Amino acid sequence: MSRQKASGNIVIDSVSTLDMTMKNSSSYKGTINGSNEAKSISLTLDKSSKITLTGDSYVTSFTDADNSYSNINFNGYKLYVNGTAIN
């Protein structure tokens, strides 16, 4: 995604993968793989892009150019990377 605004839940089944890259002030609001069923999900954020979680979310790999994660509004939820919560 580049300069995009998206919302809604991302649902991936056990045989599918997703490579989600957000850059150039993109934003996403929702839950990523809330049932933790996806085969794999890779999430990459640049410093200008933002995520707002609406439920606990699960990814297998995560790269954020902002090491402080200030571009993520956890909104009281957890972001699990390979089973470990980063917040």
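How many helices and how many strands are there in the protein?

Analyst: The protein has 0 helices and 10 strands, where helices (H or I, at least four residues) and strands (E, at least two) are DSSP runs numbered from the N terminus. This is a predicted model, in which local features need pLDDT of at least 70 and side-chain atom pairs count only at pLDDT 80 or more, while totals for chains, interfaces and linings use all residues. Residues are numbered from 1 along each chain as its sequence is written, and side-chain values use heavy atoms, leaving out hydrogens and water.

Of the 87 residues in the protein, 33% are buried, that is, under 20% relative accessible area with a 1.4 Å probe, counting protein chains only. The C-alpha atoms fill a box of roughly 30 × 25 × 20 Å along the principal axes.

Now the core itself. The largest nonpolar core has 18 residues; such a core is a set of buried Ala, Val, Leu, Ile, Met, Phe, Trp, Tyr and Cys residues joined through side-chain atoms within 4.5 Å. At least two of its residues come from each of strands S2 (17–22), S4 (40–45), S5 (50–53) and S9 (79–81). S4 supplies the largest share, 3 residues.

Leu43, Val59 and Phe62 have the most contacts inside this core. Leaving aside residues up to four places away in sequence, Leu43 touches Met20, Ile32, Ile51, Val59, Ser61, Phe62 and Thr63, a contact being heavy atoms within 4.5 Å. Across the protein, 28% of the contacts with a separation of 6 or more join residues 24 or more positions apart.

Note on methods. Buried < 20%, exposed > 50% of the residue type's maximum accessible area, 1.4 Å probe, protein only.
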